[in-house]
Amino acid sequence: MSSAPSLPSGAAALRNAGRRGTGIVFAVMITVLLVALVFAANQNEIIGWILVVIAGGWLLLATIMVIAFQRGARKFGDAVDSARADAAARRTGGDPGAVVVDEDTHARNLKLDHSFKIVQVQARVIKQELAKDEHADREMVDRALETMEITSHNGRDMLADLVGRRKKNRDDDAGGTVSGEIVD
């Protein structure tokens, strides 16, 4: 059993053909260089040495081109693999891509965000008042707690339909939104 990565048969055949073609071209270029070297050494003529330099230059150029092509092909292959992985992640839900949100959902989310901010502000008011120890304003703490209760109740009512809960009033099961004074 081989441990080579599996490629589609067409891609494997194309890759093998490219390797064979490159090998043949290099074999021919090396043969031309060796023949030029032998003739130049035997006849010791300037034209023979010029042919050796030209053949060597072509061999060097071919080597540089093959190396550059292989690097480019490797980078292209990495880019294709990355694109395939990204597409697979989108198909499996890893990256949701474009998400359509209706206006009601967006408005509800903004209201909930504002409600959470109110709760944060009221929690800070309570902490500041409690830090004063015996000089704390008990009425301010009570108002802040009431505001947090009202705000959280209203926020839960906004989500009631989504979580399968009926809307309830604080005091009874009649339903409806709680109202009251909000202290910032």
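Analyst: Accessible areas are computed by the Shrake-Rupley method with a 1.4 Å probe, and for residues only the protein chains shown count as cover. The chain here exposes about 14400 Å², of which carbon and sulfur atoms supply 60%. This is a predicted model, in which local features need pLDDT of at least 70 and side-chain atom pairs count only at pLDDT 80 or more, while totals for chains, interfaces and linings use all residues. Residues are numbered from 1 along each chain as its sequence is written, and side-chain values use heavy atoms, with hydrogens and water left out.

User: How many helices and strands does the secondary structure of the chain come to?

Analyst: Helices (H or I, at least four residues) and strands (E, at least two) are DSSP runs, numbered from the N terminus. This chain has 4 helices and 0 strands. Along the sequence, the pattern reads α-α-α-α.

User: What span should helix α2 have, and how far apart are its end C-alpha atoms?

Analyst: The expected span of a helix is 1.5 Å times one less than its number of residues. Helix α2 covers residues 46–92, 47 residues, so it should span 69 Å; the end C-alpha atoms are 69 Å apart, which agrees.

User: What share of the residues in the chain is buried?

Analyst: Buried means under 20% relative accessible area, exposed means over 50%, and partly exposed lies in between (1.4 Å probe, protein chains only). Of the 184 residues in the chain, 16% are buried. In α2, the buried residues include Gly48, Val52, Ala55, Leu59 and Ala62. An α-helix has 3.6 residues a turn, so residues three or four places apart point the same way.

User: Which residues make up the largest nonpolar core?

Analyst: A nonpolar core is a set of buried Ala, Val, Leu, Ile, Met, Phe, Trp, Tyr and Cys residues joined through side-chain atoms within 4.5 Å. The largest one has 9 residues: Phe26, Met29, Leu33, Ala36, Ala40, Val52, Ala55, Leu59 and Ala62. The elements giving two or more residues to this core are α1 (9–43) and α2. The most comes from α1, with 5 residues.

User: With which residues is Ala55 in contact, leaving aside its neighbours within four places in sequence?

Analyst: Contact means heavy atoms within 4.5 Å. With those neighbours left aside, Ala55 touches Met29, Val32 and Leu33. Across the chain, among contacts between residues at least 6 apart in sequence, 46% join residues at least 24 apart.

User: How many salt bridges does the structure hold?

Analyst: A salt bridge is a side-chain nitrogen of Lys or Arg within 4 Å of a carboxyl oxygen of Asp or Glu. The structure holds 2. One joins Lys132 and Glu129 at 3.0 Å, N to O. Lys132 is partly exposed because its relative accessibility is 41%, whereas Glu129, at 6%, is buried. Another joins Asp142 and Arg138 at 3.6 Å, N to O. These two are 4 residues apart in helix α4 (residues 138–163), so about one helical turn separates them. Asp142 is partly exposed at 35%, and Arg138 is exposed at 57%.

User: Which residues make the nonpolar surface patch of about 860 Å²?

Analyst: Patches are made of residues with over 30% relative accessible area and no salt bridge; like charges are joined within 9 Å, and nonpolar side chains (Val, Leu, Ile, Met, Phe, Trp, Tyr) within 5 Å. Ile46, Ile47, Ile50, Leu51, Ile54, Trp58, Leu61 and Met65 form this patch. Met65 lies in helix α2 and counts as exposed because its relative accessibility is 52%.

User: Where is Asp133 placed?

Analyst: Asp133 sits in the loop between α3 (103–131) and α4. Its phi is near 55 degrees, a positive value in a residue other than glycine. At 58% relative accessible area, Asp133 is exposed.
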